[in-house]
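These are my notebook entries on a two-chain model. I record what I looked up, in the order in which I looked it up.

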Amino acid sequence: MATATQPQKKKRGGIIGEFKNPERRTAYLMVLPTLLIILTIAFFPILYAVVLSMTSSTVTGIGSFAGVSNYVAMFQNPAFIEGLYNTVVFTVISVFFEFIIGLAIALAINRAFRGRGLVRAAVLVPWAFPTVISAVMWRLMFQDQVGVINYVANALGVISQPILSDRTLLLISAIGVDVWKTTPFMALLLLAGLQTIPGEVYEAAKVDGASVVQRFFSITMPLLKPALLVALLFRTLESYRVFDLFWAMSNRELESLSTFVYTGVRISQLQFAQGNAASVFIFLTAFLLALVFIKGFGMQTSTED
Amino acid sequence: MRRARRVGTGRAVGRRGFGAVSRRDFLRIGGVSLAGAALLGTAACGGGGGGPQTADDGSIVVVFSAAPDDSGSLTSLIEQFNEDRAGEIQIDYRQQPTDTGAYFDQLRTQFQAGGGDIALIGGDVIWPAQFAANGWISDLSDLFTEDMRSGFIEGPIESNTYDGSVFGVPWFTDAGVLHYRQDLLDDAGISEPPATWTELKEMASQIQEEAGTEWGYVFQGGNYEGGTVNGLEFINSFGGAVLNEDDVTQVTIDSPESVAGLEMARSMVDDEVSQQAVSTYTEEESEAAFLNGNAVFCRNWPYMYGLVGDPEASQIETEQVGVSALPAAEDGESVSGLGGWNFYVNAAVPQETQDAAWEFIQFMTDPEQQKFRALEGGFLPTLTDLYDDPEILDEVPVIALGGEALQRTVPRPVSPVYSDMSLQMAEQFNAVLNGNASPEEAITTLQENLQGIADQAPE
């Protein structure tokens, strides 16, 4: 993302002007191979996916031009709609909780106390697990024969059927697992942001008689905004592309946008083009999300200005 | 293979550089190694074509792919063959993922890229139509003559027959069978395992009530390939069929028989013979429930019988367990879903290599080698004669117990678009078990969706 926006900004000074400066020219020449590689390994596949999504291609070969019919079929496909619904619900709710809990943790461990380093390290443990492993681990806990969570929930009468056999329960579980797993990451990013806020600002506010609540909303939140937006953007995009958690925890039962793409492109023989259409859809919507963060919320993408 | 490793090396160089060298150096190293990897990648791809691949001693190399050889019986047969045919043919065994889906995916990627170097494929019985329709595997009808085929079990041959031609040779087979708790049946005064689904439910309910066994019947109801197999067993045993026997482009699943089959499956849950969780079960969970002594009946592949009595895997003993054919409908016949593996020959490799691969197929499917694999690895033979072999019957009890049931198998729909059909079937069968769709609704949906898929099949 950063590499794509940076050259654009420099263009404002005039491309020709840029190239007159020998030092800059050398710099561009040195960046050129990297740019070429990015073009071939990133932009070419994206464009190719767009092309494929507009043909009636199958895994075995490129088909004839089909316009937007794959996109129309995709939006009529209940599996896609289910994946879209699950993904959006999952992203909104899990990022919301991760943010609230993550902020609370960050505020708590931002204060100096004995054993802070240990707590910080301990908090990160769930995040250090590979997602697939924690997903399988949680699956076992949700399972009906050996699963402790399923057992307790059943004993308490919270659930009327096994967790793994109900898609709504599965989605709730997936959100829970994601919150468990990535809240530490959120806390860490927010903590880094908190530590850039100078203590003097708080002292001055205290002298002026600002209450804790006033200090939080007038000092902490505004000054935390850059770090906060970065953290939220990261998490939103990551949740939006959720694949491994759903795939492994629900044993392919829970559909997300990414699992829809995988099924279309790798398992199905006929939905190859539709899978490509869905991948283009994910790419575009994720791009839009990023734009909203950068333009809408005024997120800084570089430290230059 | 080689290509992947190269790219990996490039990455490792880059990563080490991250900490030690400056950002600029890192970019340079990264760029160079990436470019290098790309070049090597193309170079590795450029091979192939022309004559057959040969070894130093001039023998033709046949790259043979198959799932991991846990019993070691495959490796020792390959060694024996390579020794016998030194200077002529060398089999190069390339191990593939245990997960058949991943294995299939890898092969498909290779075929799409022009065939790859795997000459001989040991693969799942559901693949041939999908490979054959694309012209990826060779028609073996002339080599594998009708006379030879007559010695084999029918189900696996059917699974290899697409568009009137035979595209594979059955290597070993597999069949869904009913495992039951002999001791619990004895205690309940039941002398014979159930012959019909209704009997199974009655016996299960009785034992559940009297002995307090948690599960009456456990099977594989998850939304995956195994769920498709189980659902089809219910449907087929009531006389329903997915495709028209004479015209595989016609979907015929919408019939009262199919509905009756799914109704029976659903009633297992409704009548509490099976717990609701069965809709999430694969072989693994079913096996755990049965081997822990928590189930009266269990539908599974015969491998499970081999685990009974193994103190690490099982809490029940061999004498507590019996094996029989799956139950049938009231006036119907018992039906077992067909599993197992066949040999396929890659159509893209040179003729000499294909001929060499055929030699190896003949060797492997020979009674002697099949017997060896049955004794050493518990693989069910595909030759009917071996089911009367006293030594096999003695050493592999499940073959003696399963007997007829193992030979009376029905393959899954032989269609070039089977993957898509299976996804739909697994989804709908699972919805029925979950109570999200009634059997009628599921069958109506399937008729429509499967016909839609069949219509898109390549010519």
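**Entry 1: conventions and overall make-up.** I took helices (H or I, at least four residues) and strands (E, at least two) as DSSP runs, numbered from the N terminus. On that basis I found 15 helices and zero strands in chain A, and 20 helices and twelve strands in chain B. I note that the model is predicted, with local features needing pLDDT of at least 70 and side-chain atom pairs counting only at pLDDT 80 or more, while totals for chains, interfaces and linings use all residues. Residues are numbered from 1 along each chain as its sequence is written, and chains are lettered from A and ligands numbered from 1 in the order in which they are written.

Entry 2: Along the principal axes, I read a box of roughly 75 × 70 × 30 Å for the C-alpha atoms of chain A. For burial I placed C-beta atoms from the backbone and called a residue buried if 20 or more others lie within 10 Å of its own, exposed if 12 or fewer, and partly exposed in between. Of the 305 residues in chain A, 31% are buried; of the 459 residues of chain B, 48% are. I counted two residues as in contact if their C-beta atoms, placed from the backbone, lie within 7 Å. Among contacts with a separation of 6 or more, residues 24 or more positions apart account for 68% in chain A and for 73% in chain B.

**Entry 3: the interface.** I looked up how the chains meet and found 20 residues of chain A in contact with 27 residues of chain B. On the side of chain A, helix 3 (22-53) and helix 14 are the elements that give two or more residues. I sorted residues by class: Ala, Val, Leu, Ile, Met, Phe, Trp, Tyr, Cys and Pro are nonpolar, Asp, Glu, Lys and Arg are charged, and the others, Gly among them, are polar. By this scheme the side of chain A that touches chain B has seven nonpolar, nine polar and four charged residues.

**Entry 4: a helix pair in chain A.** I fitted axes as lines to C-alpha atoms, for helices over the stretch in contact, with angles from 0 to 180 degrees between N-to-C directions. The axes of helix 5 (residues 78-110) and helix 10 (residues 167-194) of chain A come within 6 Å and cross at roughly 40 degrees. Angles under 35 degrees count as roughly parallel, over 145 as roughly antiparallel, 65 to 115 as roughly perpendicular and the rest as oblique. Helix 5 and helix 10 of chain A are therefore oblique to each other. By class, their contact has 19 nonpolar, six polar and two charged residues.

Entry 5: Gly209(A), with a positive phi near 85 degrees, follows helix 11 of chain A.

**Entry 6: strand 11 of chain B.** Is strand 11 of chain B enclosed or open? Ten of the ten residues of strand 11 (residues 336-345) of chain B are buried, so it is largely enclosed by the rest of the structure. I counted strands as paired if DSSP finds at least two bridges between them. Strand 3 (residues 118-124) of chain B runs antiparallel to strand 11, with five bridges, and strand 6 (residues 169-175) of chain B is also antiparallel to strand 11, over six bridges. Trp341(B) in strand 11 is the bridge partner of Asp124(B) and stands opposite Phe172(B). Strand 12 (residues 409-410) of chain B runs parallel to strand 11, joined by two bridges, where Ser336(B) stands opposite Thr409(B).

**Entry 7: strand 7 of chain B.** In strand 7 (residues 177-181) of chain B, five of five residues are buried. Both faces are covered, with Val177(B), His179(B) and Arg181(B) on one side and Leu178(B) and Tyr180(B) on the other. Strand 7 of chain B is antiparallel to strand 9 (residues 295-300), with four bridges, and Val177(B) has Asn300(B) as its bridge partner there. Strand 10 (residues 321-324) of chain B also pairs with strand 7 in the antiparallel sense over four bridges, and His179(B) stands opposite Val323(B).

Entry 8: I found phi of Arg252(A) near 70 degrees, in the loop between helix 13 (244-249) and helix 14 (257-267) of chain A. With 19 C-beta neighbours inside 10 Å, Arg252(A) is partly exposed.
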